[in-house]
Amino acid sequence: MGSKPRSLSGIKPTGTPHLGNYLGMIKPAIQLQETHETFYFIADYHALTSVRDPEQLRENTYDLTAVFAALGMDFENHAFFRQSDIPEVTELTWILSCITSKGLMERAHAYKDAMAKDQEVSMGLFSYPVLMACDILIYDSNFVPVGQDQRQHLEITRDLAIRFNHLYGEAFVIPEAIIEKEVATIPGLDGRKMSKSYGNVIPLLAPEKQFRKAVMKITTDSKSVDEPKDPETCSVFALYKCFAGKKEQEDLAERYLAGGLGYGEAKQLCFETLNAELKGPREIYQQIRNDKTKLNGILESGRDKARVIAREVIDRVRDKVGL
Ligand code: TRP
């Protein structure tokens, strides 16, 4: 830790991570460890807006910890922790709520979507963006790697930080989003964006058999083996592209266009390419997933690192506002 810029991100423990989470957030976040001091946390306070099963919430948290460990997160030099282990973030949420206009929250996508679908909106869901802003601001974060869907939340965060600094004097670092444009939309099994809410996900570190089965289930059109196929509109190809090198991508695109390549074969090739990257992590994951002592140790050491910064920032803020 030290002079490198700080990159922070959170991931909600709402289910087993899938390939979309991996490509959109987990993989880029782990790569940033080389050049940034990274703070990554499990957004369990946020998960409470939807998860009502305590055992599931706890297990999902361990699951994510094991996934990050398996994918090469360096817990010695970076911080990986539970959001709820840092209560300062909820204190800051109250303080920032007091300068957040209700109108700003009413323009937030998650709230608008829930209203459009006539879903019940809790205060937690309504003020979700304030808590998220505080997650970022409480650690003086410089960069925030997130998926495309979080862009608006980052804008809200910046707005709130600027507003606070303007009202009370400089207290917050203004963060910048890092959005992986290339992999902004990972297609799911049915060709729509891969998302838990569509039930079209490919689980990330599931046992190999199950993983292969999921890849083989990707929806394609019904062209016969002989017919030429369009790689650009094919979900199998889109996924392959996220894992294969330039040359491999070109080769497969050529075979699509030439005809003679069936979707079964394309899927097998896709599976093999994905599996080459995920096989090693899957083995580590299986070894540590149930080692609670180890997983707790990881979360505790992350908590201790994160809390030092959170205390500094909350003290600064309390002083500014007159508490
Ligand atoms: N809202 C994010 C998501 O659903 C998770 C999250 C919570 C987050 N707090 C954060 C991401 C702070 C980045 C920074 O994916």
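Trainee: In this predicted model, is Ile 314 buried or exposed, and what is its relative accessible area?
Mentor: Ile 314 is found in helix 14, which covers residues 292–321. Since buried means under 20% relative accessible area, Ile 314 counts as buried, and its relative accessible area is 0%.

Trainee: How far from Glu 88 is Cys 234, taken between C-alpha atoms?
Mentor: Cys 234 is found in the loop between helix 10 (208–216) and helix 11, where it is buried, with a relative accessible area of 6%. Not counting residues up to four places away in sequence, Cys 234 touches Tyr 256 and Tyr 263. Glu 88 is 146 residues away from Cys 234 along the chain, and their C-alpha atoms are separated by 46 Å.

Trainee: How many bridges join strand 1 to strand 2, and which residue of strand 2 is the bridge partner of Ile 11?
Mentor: Strand 1 (residues 6–11) and strand 2 run parallel and are joined by six bridges. Within strand 2, the bridge partner of Ile 11 is Ile 42.

Trainee: Which residues of strand 2 point each way, and are they buried or exposed?
Mentor: In a regular strand the side chains alternate between the two faces of the sheet. In strand 2, Glu 37, Phe 39 and Phe 41 point one way, whereas Thr 38, Tyr 40 and Ile 42 point the other way. Strand 2 is mostly covered, with six of its six residues buried, so the answer for both sets of side chains is buried.

Trainee: Which residue in strand 3 stands opposite Tyr 40?
Mentor: Strand 2 (residues 37–42) and strand 3 run parallel, with four bridges between them. Both faces of strand 3 (residues 79–82) are covered, Ala 79 and Phe 81 being buried on one side and Phe 80 and Arg 82 on the other. The residue of strand 3 that stands opposite Tyr 40 is Phe 80.

Trainee: Which residues do ring pairs link into a cluster, and which arginine lies over the face of Phe 39?
Mentor: The cluster linked by ring pairs is made up of Phe 39, Phe 41, Phe 81 and Tyr 139. Elsewhere, Arg 192 lies over the face of Tyr 198, at 4.0 Å from the ring centre. Over the face of Phe 39, at 4.7 Å from the ring centre, lies Arg 6.

Trainee: Which element gives the largest share of the lining of the second largest pocket?
Mentor: About 310 Å³ of space lies in the second largest pocket. Of the 18 residues that line it, the closest to its centre are Thr 93, Ser 97, Met 123, Ser 127 and Val 130. Helix 2 (44–47), helix 4 (88–97), helix 5 (102–106), helix 7 (123–126) and helix 8 (128–137) each give two or more residues to the lining of this pocket. The largest share, four residues, comes from helix 4.

Trainee: How many residues of helix 8 are buried?
Mentor: Among the buried residues of helix 8 are Tyr 128, Val 130, Cys 134 and Asp 135. Helix 8 is largely enclosed by the rest of the structure, because the buried residues number 10 of the 10.

Trainee: What is the phi of Asp 118, and is Asp 118 buried or exposed?
Mentor: Most residues other than glycine have a negative phi, and most peptide bonds are trans. Asp 118, in the loop between helix 6 (109–116) and helix 7, has a positive phi of about 60° although it is not a glycine. With a relative accessible area of 72%, Asp 118 is exposed.

Methods:
Residues are numbered from 1 along each chain as its sequence is written. This is a predicted model: local features need pLDDT of at least 70, side-chain atom pairs count only at pLDDT 80 or more; totals for chains, interfaces and linings use all residues. Side-chain values use heavy atoms; hydrogens and water are left out. Buried means under 20% relative accessible area, exposed over 50%, partly exposed in between (1.4 Å probe, protein chains only). Two strands pair if DSSP finds at least two bridges between them. Rings of Phe, Tyr and Trp (its six-membered ring) pair if their centres lie within 6.5 Å; planes under 30 degrees apart count as stacked, over 60 as edge-to-face and the rest as tilted. A charge sits over a ring if NZ of Lys or CZ of Arg is within 6 Å of the ring centre and within 35 degrees of the ring normal. Contact means heavy atoms within 4.5 Å. On a 1 Å grid over the protein atoms alone, a cavity is a set of points where a 1.4 Å probe fits but cannot get out, and a pocket is an open set with protein on both sides within 12 Å along at least five of seven lines; lining residues have an atom within 4 Å of a point. Grid points are joined across faces, edges and corners, and a volume is the space filled by probe spheres set on the points.
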